[in-house]
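Have a go at each one before you read its solution.

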Amino acid sequence: MPELVRRLGRMAALRSALALTAVFVLVSLLAGGAAAWLLEQELEALVDTTLTERHAELGAQLDAAGELERLAATYDEWSKSHRMELWSFETDAGRTLGEPTPQVLETTGYSYVDLEGIFPTERDDWRVFVAPTEGGRLAVAVSAENILESMEIVRNTFLAVGLVVSLVAIAGGLAVGVATQRRHDRILSTLQAISDGNLSARVSPEHDRDDVDTLARRIDESTARTEKLLQQTRGLSVNIAHDLKTPLARLRAQLEREFPASPERESALGQVDGVIESFDGILQIARVEAGDAKTLFAGVSLTDLAETVVATFGPVAEDSGCTLALRPLADPTVLGERGLLVQLVANLVENSLQHGGTSTRIEVGVTPVGIEVLDDGPGIPADERSEVLAPHYRREQSRSTPGHGLGLALAKAIAELHDAELSLTDREDGRGLRARVVFPARAFLTSS
Amino acid sequence: MRILVLEDDEQLGAYLDEGLSSAGHQVDVVGDGRHALTAATSSNHDVVVLDRMTPGLDGLAVLKAIRAAGLRVPVLMLTVMNQVEDRVEGLDAGADDYLAKPFAFSELLARLNALARRGEADGSGEPTTLRAQDLELDLVRRRCTRAGQLIELTSMEFRLLETLLRGRGRVQTKTMLLEKVWGLGFVPTTSVVETHVSRLRSRIDKPFDEQLLRTIRGAGYVIDADA
């Protein structure tokens, strides 16, 4: 579940559509609420105006008449016949006229009062206005049944409209978001395929409606251009290889066939082979970097691979006074090209053999995250570590040792082909070199 | 044996012709893919060498056409691009072996010998014991004896000896051994083959009078086919 939330959180299109929907729903609910509130205020004001007018009218009559009793009876009658309005008057001397409703006269100004049982109305809420008048305090009241019901209708209407609008907005937002997200995902998965080395992958948008389609089209165009350029470059390197290697083959054949065996001939052949070796190395790095070998990826057991390297190079190490041991701490299976991975580890082991000096102890360790080669030799100074991974870099002290300086560069290219990270560091105990190849989590088929 | 060679570089073709002829083979060199296809389908060759990049039909297309025609003749591809993907492509199309240009002539000769032999061996049952004079390698029980004496071998040494005995009488080059014994598609900087051969020698040859495993300078190693 948190994984799903995390993934949803990373979908920009869906997220912004939903955020926009949320804002829209909030604003429409607020606007609806405000409108309902204003309407209620308006209704109340209307009722209150009527009450004020009635108060003034009655007050004037009371003032003019003096005949309180008669007036009281008349109004009482009127009030009862209308059943919707009532009044009461309290003289300064404490005499009460009209409906004997002391709880009304206790209030001041406009208010709602519960007058249960006075009239058989459905609701007992009354809107009351009480204010002093000539000779006493006059209260007028009108049943609040209508106004309160109207308010309820207004409120319910706005709630219902708000709910429907919100639902429609959320559904619409979700639909737009999902549709846009799908287009984004299509572009994303295409880009992933391209970065995995499949340059023939295309987004191929179905329409040409907006800038997302334009973006997709631009990606397709630039990928097509890159693919074409790469094909040309590859063709070029094949041609260079062909144009240079055939004369080299001729030269080698001529040396072999036309000169009698002699130390001079062997030395010349050795030099030709050195050129060929360097040339092959450069071509191989270029090809590994082009990523074609990804199509050959299959499950490779790292322990099995380490065993092969140790069994192959163990005797070589022993003969030069060193030791080569296997330290399997795990047996993960990664997706990769076995031949290239063997070459990677072999190059690291050979690097330790060549630069570690005599009686170096070398270990090939298999860990849950990858494979590492440790030695107890002099190591590589920190400032040279990144440089040794560049092609043709050879350390001053190693000029006399064999090799064409491509071993570690090739190891790095092979690691990068597998999206793995090759790092050269000091060992934790500070004695010797630790070359680690750490694979990304997605490269593992199984782990133990 | 009769060898068909497709090589568009005239000079290299001439050298191949001369070299293979002087090694006692009958050689037909053609410089064009179409001629190669005609020659391969109309005459009976023991082995075919195809350059990968040639005018007309390229080597790979010729190979596919040869296989499509139902010919089982062993084919060795020559290529300037010695990469895993190229090998896979070639082997998928029906090539029996692969050799990167430029190559040592001895390497080509050794591989052609091995290929022709593989063609002959088709159909005969797999032996369970390999022999060279008084040396015996029991493939089933994985035991090695010489003159009745049991010899302990590591699994790598066993595979090395097995490979040499299977190709008895034919030179096995360093790169052939690296491929067959260790499964390595590259030549290590350090002396892997030399070290393992010398260890094997110290076990099967040193304690005995006659030396079976011979080094052919500049070519490779061989255990001679004896009488």
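Before we start: two residues are in contact when heavy atoms lie within 4.5 Å, and a residue is buried when its relative accessible area is under 20%. Keep in mind that this is a predicted model.

**Exercise 1.** Find the buried residues of helix α2 of chain B and work out which elements cover them.

*Solution.* Step one: look along α2(B), residues 33-42, and you'll find B:Gly33, B:Ala36, B:Ala39 and B:Ala40 buried. Step two: these four sit on the same side of α2(B), because they span an arc of only 125 degrees around the axis. Step three: turn to the face pointing away from that buried side, where the exposed residues B:Arg34, B:Thr38 and B:Ser42 are. Step four: the cover over the buried residues includes β1 (2-6), β2 (26-30) and α3 (59-68), which belong to chain B.

**Exercise 2.** How do the axes of α7 and α8 of chain B cross, and which residues make the contact?

*Solution.* Start with the axes of α7(B) (174-182) and α8(B) (192-204): they come within 10 Å and cross at roughly 75 degrees. So α7(B) is roughly perpendicular to α8(B). Next, pick out the contact: α7(B) brings B:Lys174, B:Leu177, B:Leu178 and B:Trp182, while α8(B) brings B:Val192, B:Val193, B:Glu194 and B:His196. Finally, sort them by class: five nonpolar, one polar and two charged.

**Exercise 3.** Is A:Gln181 buried or exposed?

*Solution.* First locate A:Gln181 in helix α5 of chain A, residues 145-195. Its relative accessible area is 7%, so A:Gln181 counts as buried. Now skip the neighbours within four places in sequence: A:Gln181 touches A:Met11, A:Ala12, A:Ala13 and A:Leu14.

Technical notes: Residues are numbered from 1 along each chain as its sequence is written. Chains are lettered from A and ligands numbered from 1 in the order in which they are written. This is a predicted model: local features need pLDDT of at least 70, side-chain atom pairs count only at pLDDT 80 or more; totals for chains, interfaces and linings use all residues. Side-chain values use heavy atoms; hydrogens and water are left out. Buried means under 20% relative accessible area, exposed over 50%, partly exposed in between (1.4 Å probe, protein chains only). Helices (H or I, at least four residues) and strands (E, at least two) are DSSP runs, numbered from the N terminus. The arc is that of the directions from the helix axis to the C-beta atoms. Axes are lines fitted to C-alpha atoms, for helices over the stretch in contact, and angles run from 0 to 180 degrees between N-to-C directions. Angles under 35 degrees count as roughly parallel, over 145 as roughly antiparallel, 65 to 115 as roughly perpendicular and the rest as oblique. Ala, Val, Leu, Ile, Met, Phe, Trp, Tyr, Cys and Pro count as nonpolar, Asp, Glu, Lys and Arg as charged, and the others, Gly among them, as polar.
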